[in-house]
Amino acid sequence: TLIFTGRFLPPLNEVAFPAYAELNNKGLPVAPAFLSGVRMIMLIATPFYVGLGLVAGPLVETFFGAKWLEMIPVVAGLAFAMPAMALQIICSPATNALGRPAIYVMTSAAGAIIMPVCFLVGVGLGPQGLVASWQVAAPLLLAVTLLLTLPVVGARFGDFAATLLPVVVGCAVMALAVEISKQALDSVPAPLLLALLTVTGAATYAATLWLLWPRIVRETWATLRRPAKTSS
């Protein structure tokens with residue numbers, strides 16, 4: 001469940017920082033680029049994690065076997081908490097590029113308080129208590145991060161919410177389609193069920209975005225395909 005936040009976001013943050021810094025040095029607003037970056041990353045990260053949570057059952061059974069079925073609620077619960085962590089992680093390059101590293105220090109300090117306190121409360125309830133701790137701590141830390149970050153970046157909360165609207169709607173429709181498919185395919189073997197649910201979820205998510213926000217899909221695809229600049 002940590003593979004996306006641990007492996008993919010750090011390199012993206014390393015690219016985002018100089019881009020934000022260049023905009024700031026030129027006297028250009030950072031907010032539009034920040035919101036665009038948030039939308040692009042969350043368009044990928046959120047369906048990945050929501051999808052992981054939705055197919056946790058057949059996924060665990062397929063890759064780990066029947067003896068690991070008790071892992072299913074753990075995997076699903078952690079997966080549903082991870083979009084908040086991903087969103088929190090991608091905020092720091094913008095404030096650092098604007099010469100406000102204290103924001104990152106404050107959010108890190110908040111995490112150093114929020115996470116251990118939640119874990120201390122949840123650990124008494126066993127593994128599911130720790131999963132619940134992530135589900136409480138991640139949104140809390142994200143809320144603190146956004147309260148500190150958005151004013152510095154110059155982004156209004158309404159614009160930020162509008163940026164994430166396609167992600168939320170797309171994932172909601174995807175979840176509905178996957179849950180309906182689960183009921184219809186209840187007797188299908190786990191490997192085949194995993195494949196069918198994955199295809200259903202991905203196709204539904206992509207179709208929803210294309211039907212409702214085709215411009216955003218085209219812009220995101222163009223950004224992902226754009227070759228990186230090389231220095232001479």
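Let me start with a term: a salt bridge here is a side-chain nitrogen of Lys or Arg within 4 Å of a carboxyl oxygen of Asp or Glu. With that in hand, Arg-39, Arg-215 and Glu-219 are linked in a network of salt bridges.

Quick word on what we're looking at. It's a predicted model, so local features need pLDDT of at least 70, side-chain atom pairs count only at pLDDT 80 or more, and totals for chains, interfaces and linings use all residues. Residues are numbered from 1 along each chain as its sequence is written, and side-chain values use heavy atoms, with hydrogens and water left out.

Okay, back to the salt bridges. How many does the structure hold? There are 5. One of them joins the side chains of Arg-39 and Glu-219, at 3.2 Å from N to O. That pair ties together distant parts of the chain: Arg-39 sits in helix 2 (residues 31–54) and Glu-219 in helix 10 (residues 214–225), 180 residues apart. Helices, by the way, are DSSP runs of H or I with at least four residues, numbered from the N terminus.

Is Arg-39 buried or exposed? Buried, because its relative accessible area is 16%. The cut-offs are under 20% for buried, over 50% for exposed, and partly exposed in between, with a 1.4 Å probe and protein chains only. Glu-219, at 32%, counts as partly exposed.

Next, Lys-182 and Glu-179, whose side chains meet at 3.2 Å, N to O. These two are 3 residues apart in helix 8 (residues 157–184), so about one helical turn separates them. Lys-182 is partly exposed at 23%, and Glu-179 is too, at 33%.

Then there's Arg-156 with Asp-159, a salt bridge at 3.1 Å, N to O. Arg-156 is exposed, with 59% relative accessible area, while Asp-159 is partly exposed at 31%.

Ile-3, Phe-8 and Phe-48 make a nonpolar patch on the surface, with about 290 Å² of accessible area together. For a patch like this, residues need over 30% relative accessible area and no salt bridge, and nonpolar side chains (Val, Leu, Ile, Met, Phe, Trp, Tyr) are joined within 5 Å. Areas are Shrake-Rupley with a 1.4 Å probe. Phe-8 itself lies in helix 1 (residues 3–25) and is partly exposed at 47%.

Last stop, Ile-72, in helix 4 (residues 72–89). What does Ile-72 contact, leaving aside neighbours within four places in sequence? Ala-56, Gly-57 and Val-60, where contact means heavy atoms within 4.5 Å. Ile-72 is partly exposed, at 23%.

Note on methods. Patches are made of residues with over 30% relative accessible area and no salt bridge: like charges are joined within 9 Å, nonpolar side chains (Val, Leu, Ile, Met, Phe, Trp, Tyr) within 5 Å.
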